[in-house]
Amino acid sequence: EKGGHDYFMLKEIAEQPKAVADTLLGRIDGAGRLHLDEVRITPRELREVDKVVIVACGTAFHAGMIAKYAIEHWTRIPCETELASEFRYRDPILDHRTLVVAISQSGETMDTLMALRHAREQGAKVLAICNTNGSTIPRESDAVLYTHAGPEVAVASTKAFLTQLVACYLVALYLGQICGTKWGDEIRTVIRQLSEISGAVERVLATMEPVRALARSLADHDTVLFLGRHVGYPVALEGALKLKELAYMHAEGFAAGELKHGPIALIEDDLPVVVVVPSPRGRSVLHDKIVSNIQEIRARGARTIVIAEEGDEAVVPYADHLIRIPVTPTLLQPLVSTVPLQVFACELATARGNDVDQPRNLAKSVTVE
Ligand code: F6R
């Protein structure tokens with residue numbers, strides 16, 4: 001049942017190229033246009049949307065954070081992403097022109113369910129992104145876009161996360177397509193690039209042996225920090241969450257720009273810091289800024305573990321360990337940059353003698369508030 005793997009988590013990490021491809025299947029036609037049939041909110045209703053609010057918990061929340069960058073870029077509709085457990089209790093401002101997107105693998109997370117019930121009571125339309133057919137969250141939503149990750153057994157979410165990202169990009173691109181933004185050409189190009197992205201996930205998986213060796217060598221450390229910018233910031237948070245829940249280590253993710261506002265005080269000799277580097281093409285300002293951040297922490301003794309695109313030579317002098325990922329469009333990079341972090345956490349946890357499928361104190365589906 002574990003398909004020759006020691007743990008479900010390893011099997012599920014390996015299944016990611018297929019999970020991504022399956023989630024795209026049938027949703028992009030030959031002409032490169034999107035068709036999201038399960039979205040029972042009409043194009044007319046979608047054109048009226050003036051605000052998108054994403055609610056989710058944990059890993060699904062990180063997917064929602066990344067979705068915010070994509071939705072605002074491709075649609076120019078303001079978007080907020082909020083922890084479901086906070087959203088419900090602050091009396092959020094919602095009406096019939098608000099589209100609430102609830103992201104949940106299990107479809108049973110109580111905080112997310114309560115958030116969507118509250119949103120519907122206020123007249124908002126709710127679109128669920130969910131991996132479990134017929135579960136409560138899609139049943140109570142106006143529309144649903146299913147992720148096709150297949151059953152996820154390991155407590156720590158991996159393949160569901162990648163498919164949540166795919167679904168978020170589909171929603172963002174679909175909204176962009178329907179609302180007709182100035183990014184028409186870019187949207188068409190990205191739809192094509194997205195349709196080919198599972199090959200890139202496959203290529204990352206094929207190069208993970210050095211990441212596993214590195215993870216094993218860090219088993220006696222107490223702390224690992226993660227830095228990112230733009231969509232790399234939620235990826236850093238996700239890398240830290242995986243390490244906390246599996247390896248029971250102190251792991252924290254930061255927006256790299258926040259370093260000098262506090263976290264840089266944590267840097268000490270030989271502290272491992274994972275840095276997710278955005279593409280040097282596209283938004284090159286971001287890239288240059290993060291290269292400076294890597295120099296700053298390295299000058300203070302950090303052991304830098306740099307995740308950077310193939311061909312990005314600027315990071316080489318400052319990387320104690322360099323993890324290469326395939327070239328992707330800036331906004332899609334999390335689909336490949338998250339994978340080494342999953343492998344890293346899984347291997348480090350195993351090296352520390354933990355059961356990665358059943359981390360202590362955690363349940364797969366959190367049905368209490
Ligand atoms: C982390 C993890 C959790 C879930 C969270 C939401 O690896 O699995 O953080 O992402 O409990 O669960 P769902 O997506 O089922 O609502």
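Which residues line the largest cavity?

1. The model is a predicted one, and a search of the whole structure finds two cavities of 30 Å³ or more. The largest cavity holds about 50 Å³ of space, and its lining is made up of Leu 36, Val 39, Ile 41, Leu 46, Leu 99, Leu 127, Val 171, Tyr 174 and Leu 175. By class, this lining has nine nonpolar residues, with no polar and no charged ones. Helix H8, which spans residues 159–179, gives the largest share of the lining of the largest cavity, namely three residues.

2. The second largest cavity has about 30 Å³ of space, and it is lined by Val 274, Ile 305, Ile 307, Ile 323, Pro 340, Leu 341 and Phe 344. Here the lining consists of seven nonpolar residues, again with no polar and no charged ones. Strand E9 (303–309) and helix H14 each supply at least two residues of this lining, and H14 gives the most, with three residues.

3. Turning to the pockets, the largest pocket contains about 570 Å³ of space and has a lining of 25 residues, of which Cys 57, Gly 58, Thr 59, Lys 364 and Val 366 lie nearest its centre. The lining of the largest pocket divides into nine nonpolar, ten polar and six charged residues. At least two residues of this lining come from each of helix H4 (58–75), strand E3 (98–104), helix H6 (110–121) and helix H12 (232–247), and the largest share, four residues, is that of H12.

4. The second largest pocket has about 180 Å³ of space and is lined by 13 residues, with Glu 186, Val 190, Gln 193, Pro 329 and Thr 330 lying nearest its centre. Helix H9 (residues 184–195) provides the largest share of this lining, four residues. In terms of class, the lining of the second largest pocket has four nonpolar, six polar and three charged residues.

5. Thr 330, one of the residues nearest the centre of the second largest pocket, is placed in the loop between strand E10 (321–325) and helix H14 (334–351). Its relative accessible area is 13%, which is under the 20% limit, and so Thr 330 counts as buried. Leaving aside residues up to four places away in sequence, Thr 330 touches His 230, Val 231, Ser 279, Arg 281, Gly 282 and Arg 283.

6. There are 13 residues around the ligand, and those that come nearest are Ser 104, Gln 105, Ser 106, Thr 109 and Glu 245. An oxygen atom of the ligand lies 2.6 Å from a polar side-chain atom of Ser 104, while for Ser 106 a polar side-chain atom lies 2.7 Å from an oxygen atom of the ligand.

7. Gln 16 is classed as buried because its relative accessible area, 0%, is under 20%. When residues up to four places away in sequence are not counted, Gln 16 touches Thr 158, Lys 159, Leu 162, Val 201, Val 339 and Gln 342.

Note on methods. Residues are numbered from 1 along each chain as its sequence is written. This is a predicted model: local features need pLDDT of at least 70, side-chain atom pairs count only at pLDDT 80 or more; totals for chains, interfaces and linings use all residues. Side-chain values use heavy atoms; hydrogens and water are left out. On a 1 Å grid over the protein atoms alone, a cavity is a set of points where a 1.4 Å probe fits but cannot get out, and a pocket is an open set with protein on both sides within 12 Å along at least five of seven lines; lining residues have an atom within 4 Å of a point. Grid points are joined across faces, edges and corners, and a volume is the space filled by probe spheres set on the points. Ala, Val, Leu, Ile, Met, Phe, Trp, Tyr, Cys and Pro count as nonpolar, Asp, Glu, Lys and Arg as charged, and the others, Gly among them, as polar. Buried means under 20% relative accessible area, exposed over 50%, partly exposed in between (1.4 Å probe, protein chains only). Contact means heavy atoms within 4.5 Å. A residue is near a molecule or strand if one of its heavy atoms lies within 4 Å of it. A polar contact is a pair of N or O atoms within 3.5 Å; within protein, one must be able to donate a hydrogen and the other to accept it, and residues adjacent in sequence count only if both atoms are side-chain atoms.
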